Amino acid sequence: MLVELQADNSAKKFSPGTYCQVQFQLPGDPNLVQVPSTALISVDRATQVAVLGDGDKVVMKSIQVGRDFGDSVEVVAGLTASDRVIDSPPETLQTGDQVQLAATPPAGTGPAAAPPSAKAD
């Protein structure tokens, strides 16, 4: 994005007409969660994700999607950072299905991915 910035140049460190690249580190909203796009489930004009609930059983949660980053999306409502999202759930997955936790990512990297195992009663 092309922008124009004004900076104090009393020390004469910047020459007129020079160009530079600037990166801004903006703090994110701690209430927003990002999930892989492959975790999204479209149901009747709504969006849901499957999460791993108590007893390793599936719970479907309705979410509100914010920005789309291509391989992931920002969730602005419906999830917390502690929710363990199931990535790439099969179409047949339903609330109450038993799943097996495959792996947990390092702390602070967002929701866990829990690929579902074969369906059990």
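**Figure 1. The hairpin of strand 2 and strand 3 in the predicted model.** Two residues lie between the strands of this hairpin. D44 takes a positive phi near 45° there. Strand 2 and strand 3 run antiparallel and are joined by three bridges. S42 has T47 in strand 3 as its bridge partner. Strand 3 covers residues 46–52, and five of its seven residues are buried, so the strand is mostly covered.

**Figure 2. The hairpin of strand 3 and strand 4.** Here five residues stand between the strands, and G55 takes a positive phi near 70°. Six bridges pair strand 3 with strand 4 in the antiparallel sense. The bridge partner of L52 is V58, in strand 4.

Figure 3. P36 has S72 in strand 5 as its bridge partner.

**Figure 4. The salt bridge of D83 and K61.** Side chains of opposite charge can pair when their charged atoms come close. In this view, the side chains of D83 and K61 meet at 3.1 Å, N to O. The pair links distant parts of the chain, 22 residues apart: K61 belongs to strand 4 (residues 58–68), and D83 to the segment after strand 5. Is D83 buried or exposed? Its relative accessible area is 11%, so D83 is buried, the cut-off being under 20%. K61, with a relative accessible area of 26%, is partly exposed.

**Figure 5. The salt bridge of E74 and R67.** The closest N and O atoms of this pair are 2.7 Å apart. E74 is buried, with a relative accessible area of 9%. The count of salt bridges in the model comes to two.

**Figure 6. The largest pocket.** Rolling a probe the size of a water molecule over the atoms shows where empty space is left. The largest pocket holds about 760 Å³ of space. It is lined by 18 residues, and those closest to its centre are V3, E4, L5, T18 and C20. How does the lining of the largest pocket divide into nonpolar, polar and charged residues? There are 11 nonpolar residues, six polar and one charged.

Terms used:
Residues are numbered from 1 along each chain as its sequence is written. This is a predicted model: local features need pLDDT of at least 70, side-chain atom pairs count only at pLDDT 80 or more; totals for chains, interfaces and linings use all residues. Side-chain values use heavy atoms; hydrogens and water are left out. Two strands pair if DSSP finds at least two bridges between them. Helices (H or I, at least four residues) and strands (E, at least two) are DSSP runs, numbered from the N terminus. A salt bridge is a side-chain nitrogen of Lys or Arg within 4 Å of a carboxyl oxygen of Asp or Glu. Buried means under 20% relative accessible area, exposed over 50%, partly exposed in between (1.4 Å probe, protein chains only). On a 1 Å grid over the protein atoms alone, a cavity is a set of points where a 1.4 Å probe fits but cannot get out, and a pocket is an open set with protein on both sides within 12 Å along at least five of seven lines; lining residues have an atom within 4 Å of a point. Grid points are joined across faces, edges and corners, and a volume is the space filled by probe spheres set on the points. Ala, Val, Leu, Ile, Met, Phe, Trp, Tyr, Cys and Pro count as nonpolar, Asp, Glu, Lys and Arg as charged, and the others, Gly among them, as polar.
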